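My notes follow the structure.

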Amino acid sequence: MTVFMPTTLAEALEVRRDHDAIPMAGGTDLLVHWPEQLKLHDRDYLDLWGIDELRHIEWSDDTLELGALTTYWDVITDAKVGAAYPLLVDAARQIGAVQIQARGTWAGNIANGSPAADGVSVLMVYGASVVIASHDKHRQVPLERFYYGYKEMDLAPDELIVAIRIPNRTYRHERFIKVGSRRAQAIAKVGAAIVSNGSGWRVVASSVAPTIRRCPTIEAQISDGELLGSPDDLLPAIRADVSPIDDLRSTAAYRERVMSRILYYAIKEMSYQ
Amino acid sequence: MDRIEGLAKLTGAERYVDDLPLDGTLWGMTVRSPVPRGRITGVHFGSGVDWNEFVVVDHHDIPGDNTVLLIETDQPLLAGDYVRHVEEPVALIAHRSREMVRRAIREIEVTVDPDPPIFDFTAEPTDDQIQHGSDNALKRIDVIKGDVDAALAGAAHVVEGEYRTGSQEHVYLENQGMIAWEEDGVLMIKGSLQCPFYVLKAAVRALARESDRVRIVQAPTGGGFGGKEEYPSMIALHAALLALKAEQPVRIIYDRGEDMRATTKRHPSLVRHRTGVDSDGRLVAQDIDVALDGGAYVTLSPVVLSRGVIHAAGPYACANVRIRGRAMLTNSPPHGAFRGFGAPQTHFANERHMDVVAATIGIDPDEFRRRNLIVDGQTTATGQTITDGTDRVALLDHALELSSYRERQSEHQALNASHPYLRRGIGMAAFHHGAGFTGSGEVMLASELELAGLADGRIEVLSANIEMGQGTLTVFTKLVCDRLGLAPEQVVIADADTGRVPDSGPTVASRTTMVVGRLVERACDDLRRQLGLDDSDSGDRVTRAIIDWHIEHNKPLVGHAKYKPPPGIEWDEATYTGDAYATYGWATYVAEVEVDLRTYTARVTDFVAVQDVGTVLHETLARGQIQGGVVQAIGWALTEECAWNNGVMQNNQLTNYIIPTSDDVPPIRVSFVENPFAHGPRGAKGLGELPMDGPAPAIANAVARAIDADPHEIPLTPEHLMDLLSNGR
Amino acid sequence: MGADATTPPMNRPPIKVPFTLNGMEITVSIDPAERLLDTLRYRLGMTGSKEGCGEGECGACTVHVDDIPVNSCLIPTYQVRNAEVRTIESIDPSDVGALLASGATQCGACTPGVVMTAMWVREHPELLVTHTLRELMAGNLCRCTGYDGIIDGVRQSLKEGPQ
């Protein structure tokens, strides 16, 4: 095991170009059950933690940029971010507990590619983009087009996620709902992030598909202003957009039905606000 | 008095087994069966590892009988030619590098010619699934009182119900662990355990060593809850086999995944009730069938079944009771001791059923209980006459009052009628728990305890009872201080080391404070008697006398006490009749829940626990036991579910096996009704297990009220609640 | 033959990691596969921090890194280079009196982690403007107390304030 510990992004991108080293940010995913992950002991690592230029929260006229090392706790304790993007704080506070929030990063959450990633769902609903760099170029990809499939994403072996950009927009309604098996320290069994402004609704679903994803059919149904008589009226659209499965944490039937209920009541409550 | 070892724990200074120095020790690990049942055809060691670097042990290395001695001898220490559950130990390896052991263990393959396993303890086994006796029953126990069939035939109402509970993992925060080494010809075994003499007896049998050539020493133990009652014998002997072969100290420390996959859990249960009630709402017949899943070996299932069966009819007076119990073999890892020991399962069924019966016959559940709770002079299912002076109806009413039961009910009605998706309910459970070993168990244990008066006048308590968080050290210290008028600094508690202490019995069954604590008091009296002091002599007079005695005799003065049953206790093991326990704790718990119909999630929003556990010796410790037990039971009731697949626990991680966090539970409101027990120390009764019994039925009853449905099974996970609401099951 | 949880079994060149541990500047030479928890417990003999789950769920291994609680089982030791690490061994007995009196510890296995989170909360009472105590303590699983003893003790120690 070789560990590269660059202090600048440029050095890190050279390592990325020259070595098959796993990028490590806060370590909260990679280190789980570490003593038993013996294959991972035989790999090389690119430790990003010492690259201070990736540790920033920067505002510009039209975007908020979170450096790749921005943690959940950084956002929870940033009142300005909380005021502008309340769902980021809502989601961050429901990820693990403070010990995880202190190390876990938004960019790491994106790179891990879990279909249950709470951080990804709120970033996606806010229309965030992923800023990606390699030794010779920079590019930016909308988060909602970043994933191809389960843990498959638009990131080449020589690239790194260096920042996340979130457009400055105002919303009339914003809601993040996470259904976990307990109130803290839980992984989402089903979740939704919802925003609306004058031009329509955006809905992002968690834990009901191979990736976090937008739900265009649901969005269209709500945006059309169609009256919902009961949660079940959402089921056809849910079935069109997502494909929940049975796993250790829950069942497909539960996920589908609960998705309809959390969406129905959230939309109803927001519409009366 | 603060907890004796509290500061050491709060500053990280307490040394648990995995905290002991590493010098010269090897790390041991266990090779386990990959399949639930079959004949072992080979243990293959991969070619990529230099096995000469490793110490390797299999059943051939066992000097004595290949068994983990407990009630029976059917469980092998290392499977020889046959395995009966996944994760069953087959071989052991050790190396000085922990990572090397972890790498090497993956290169060992156990091949097995499979036989058909059985996992459903409620199903009739097919011929080729029978592995114990003629029908896989590890134990059957019947309790018969009166004439149930006649009473049912004449009853105004007969109500039936069927109730299930799942297995539960202990989740002691410190995983299992042991170190073994040889010292001057004596085999030393030190680790996390509840019962040093169980380990000693098992070691003598399997290692074919005299008991004076083995010493078992308890290390500070990070939680047990029964999970470190019987399984530590297995790990201790594994470490010993490796250490004897390596001629070096060996430590085996399970990680959480191995601990959850391989060690014991609470017995799953299926309990059926058929209950006859007269037109006044009084119980006339209780016909109860109790089935437990024992797992692959006998282990403690007979005694878990015994306690479950004895508590199955609840704290009620009924002239006609028939309880038929059986513990069945399955090819799951053996289920074992867990706080409550069978009683939480049967209390869940009985208290849930009481609400079902009350609703069926149209009486309020509190009133139905009031009419049937045992009053002094009446008898339990085993015919034990209760005469302890506790007013169980008043206790119930106290719990209802503290929980504002009636006011909450009307608030809930209003909310439930108007809220789009929130539903609230309040429910209760009345129950009891026998303290100490069942029946003649304490007489057979014949526990002994010693107090030594040291040269400096301090008193050392020598007992086999251990501290695992429940407060033994503090309670014993306090009892000596109170009895002899001493300060806490003047009392020391010896390590539970079988080479030094007498066998005061295992630290289980809510017996330590009540039974062994009484021995502490009597040993104090014995010291005073030997010193020629009066009962009124205390404090400095006692200390001075001990010092003087030491000067005169040049050795410590030893005070003794040996268990004596309270007078008048009679138990007939053959007919399962008589005084099942010397005394009982009595309780009524009330739970308030909120169910969210968007997510089908039930949450406990308020909890009141009222109990009579005799005199409360230490308010903070006693309250902590109740609160901790209640929260452990809230987990069992709502979220804790072992996901089994072919006898393998799939969710053997704390991410996927869901115990409550601080944010999941409300403050637990505790109230004690103190009715002293004449034969307990200063009037104390056992209390450790009691709080595990009541919460699950109280919560299920509250959920039933909230959503107007009848849950018959726990845990009430959201997925189960969704099924219940959509399909009525 | 010394026993060993930390020496790499294969060719993994050691890494030198300088950091501040409980106020003292040290440099340790570690196996790159070592977690901070392993370095503390098995290399430095500071066994107060416990391993309860190895997956960042139970919080028994909680230490402070640069004044915030973290799970030391999820941090490769090389990541604390130049950081300030504070462990349970730094806690003065006089700081935990309220927790002792309230019954915050029973078996003690979760306790060092509980204390480290509790001390952080006590040093940052402003957190209670946005967070409840029960939320802040939710990263420390306890199986003994039912949490009341812990919550009561932290609340009391907040009243007393940092020493």
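I am working from a predicted model.

**Chain B with chain C**

I looked up the contact of chain B with chain C first. Chain B puts in 55 residues and chain C puts in 50 residues. H16(B) gives the most, with nine residues. I then sorted this side of chain B by class and got 19 nonpolar, 20 polar and 16 charged residues.

**Chain B with chain A**

Here 22 residues of chain B are in contact with 21 residues of chain A. The elements of chain B that give two or more residues to this side are H2 and helix H19 (718-727). H19(B) has the largest share, three residues. By class, this side of chain B divides into seven nonpolar, eight polar and seven charged residues.

**A helix pair in chain A**

I turned to helix H5 (residues 86-93) and helix H8 (residues 118-125) of chain A. Their axes lie 9 Å apart, at an angle of about 170°. Angles over 145 degrees count as roughly antiparallel, so H5(A) and H8(A) are roughly antiparallel to each other.

Which residues make the contact? H5(A) brings Leu87(A), Leu88(A), Ala91(A) and Ala92(A). H8(A) brings Asp118(A), Gly119(A), Ser121(A), Val122(A) and Val125(A). I noted the classes for the contact of H5(A) with H8(A): six nonpolar, two polar and one charged.

How values were computed:
Residues are numbered from 1 along each chain as its sequence is written. Chains are lettered from A and ligands numbered from 1 in the order in which they are written. This is a predicted model: local features need pLDDT of at least 70, side-chain atom pairs count only at pLDDT 80 or more; totals for chains, interfaces and linings use all residues. Two residues are in contact if their C-beta atoms, placed from the backbone, lie within 7 Å. Helices (H or I, at least four residues) and strands (E, at least two) are DSSP runs, numbered from the N terminus. Ala, Val, Leu, Ile, Met, Phe, Trp, Tyr, Cys and Pro count as nonpolar, Asp, Glu, Lys and Arg as charged, and the others, Gly among them, as polar. Axes are lines fitted to C-alpha atoms, for helices over the stretch in contact, and angles run from 0 to 180 degrees between N-to-C directions. Angles under 35 degrees count as roughly parallel, over 145 as roughly antiparallel, 65 to 115 as roughly perpendicular and the rest as oblique.
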